[in-house]
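Please look through the sequence and the model before reading on.

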Amino acid sequence: MKTFITCLSFLYALMTAGCALQCEVCFSRESRHCSGDIKTCDEGTMDCQTVITEMIFHGQDPIYNIFKNCSTKEGGHKSNAYQSRGQNFTYQLVQHFCSSNECNRNDSAIEIPVQDNTENGRCCNAGLDLNATSCQPSGTVKCTGKLTNCIYFGGIVQFSLNPMAMAYHACVTIKSTKDLPDFPTRAMLRIDHLEFTKAFKCPQQ
């Protein structure tokens with residue numbers, strides 16, 4: 001009987017291990033593509049996740065980051081995009097979820113949306129400081145497309161090889177912290193300020 005129970009336990013362990021989701025795990029701060037090892041996710045994980053970020057300071061080449069892992073959230077999440085626009089920069093974060101083994105290998109299939117540059121009549125305070133975790137508004141920025149809310153962020157981020165302080169006021173697509181995407185901890189190291197407000201009607205010139 002003891003041998004029989006041991007055999008059942010062993011069989012159950014094999015079945016459980018065979019059902020666990022497997023995802024590619026990697027990151028890069030110099031490209032929008034990466035490849036790495038295949039990881040067996042924790043029990044109950046339903047999705048593999050790929051996050052691609054694009055930061056463009058006006059007049060400079062885009063800075064891309066990519067992160068792949070087992071999703072830390074519950075299954076069934078929809079892929080989505082987060083966008084913001086300031087006076088001197090644009091930022092996008094694209095999240096892609098999939099639910100089959102190694103499904104996040106093909107990052108070339110994930111498209112970064114082209115930002116809509118059509119002004120929507122709304123404005124936000126604008127300001128940017130790349131050497132501090134807080135800043136005061138220095139003007140206004142005209143929002144575009146679906147960017148109908150404002151954000152004030154300050155903290156420590158890492159878009160390239162070295163962490164940096166960053167604070168900004170800008171237009172954004174989301175309206176509260178509950179709508180925030182799942183920022184990779186490798187990119188968002190510390191948050192000191194995070195406030196959302198509704199964009200205001202642009203003053204007539």
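Tyr168 counts as buried because its relative accessible area is 8%, where buried means under 20% relative accessible area, exposed over 50% and partly exposed in between, with a 1.4 Å probe and protein chains only. The structure is a predicted model, in which local features need pLDDT of at least 70 and side-chain atom pairs count only at pLDDT 80 or more, while totals for chains, interfaces and linings use all residues. Residues are numbered from 1 along each chain as its sequence is written, and side-chain values use heavy atoms, with hydrogens and water left out.

There are 4 aromatic pairs, a pair being rings of Phe, Tyr and Trp (its six-membered ring) whose centres lie within 6.5 Å, with planes under 30 degrees apart counted as stacked, over 60 as edge-to-face and the rest as tilted. In one of them, the stacked pair of Phe27 and Phe67, the ring centres are 6.4 Å apart and the planes stand at 5°. This pair joins distant parts of the chain, since Phe27 belongs to strand S1 (residues 22-28) and Phe67 to strand S4 (residues 63-70), 40 residues apart; strands (E, at least two residues) are DSSP runs, as are helices (H or I, at least four), numbered from the N terminus. Phe27 is partly exposed at 37% relative accessibility, whereas Phe67 is buried at 8%.

The rings of Phe89 and Tyr168 form an edge-to-face pair, with centres 5.1 Å apart and planes at 70°. Here, too, distant parts of the chain are linked, with Phe89 in strand S6 (residues 89-98) and Tyr168 in strand S10, 79 residues apart. Phe89 is buried at 1% relative accessibility, and Phe89, Phe153 and Tyr168 together make up one aromatic cluster.

## The nonpolar cores

The largest nonpolar core holds 19 residues, and Tyr168 is listed among those with the most contacts inside it, along with Met55, Tyr82, Tyr91, Ile151 and Met166. Such a core is a set of buried Ala, Val, Leu, Ile, Met, Phe, Trp, Tyr and Cys residues joined through side-chain atoms within 4.5 Å. Strand S3 (48-57), S6, S9, S10 and S11 each give two or more residues to this core, and the largest share, 4 residues, comes from S10. A second, separate core has 8 residues, including Cys124, Ala126, Leu147 and Cys171.

## An enclosed cavity

The model has 1 cavity of 30 Å³ or more. On a 1 Å grid over the protein atoms alone, a cavity is a set of points where a 1.4 Å probe fits but cannot get out, whereas a pocket is an open set with protein on both sides within 12 Å along at least five of seven lines, and lining residues have an atom within 4 Å of a point.

The volume of the largest cavity is about 140 Å³, a volume being the space filled by probe spheres set on grid points that are joined across faces, edges and corners. Its lining has 14 residues, and Tyr82, Phe153, Tyr168, Phe183 and Met188 lie nearest the centre. That lining divides into 14 nonpolar, no polar and no charged residues.

## The largest pocket

About 300 Å³ of space lies in the largest pocket, which is lined by 15 residues, with Phe67, Lys68, Asn69, Pro184 and Thr185 nearest its centre. S4 contributes the most to this lining, with 4 residues.

Definitions and conventions. Ala, Val, Leu, Ile, Met, Phe, Trp, Tyr, Cys and Pro count as nonpolar, Asp, Glu, Lys and Arg as charged, and the others, Gly among them, as polar.
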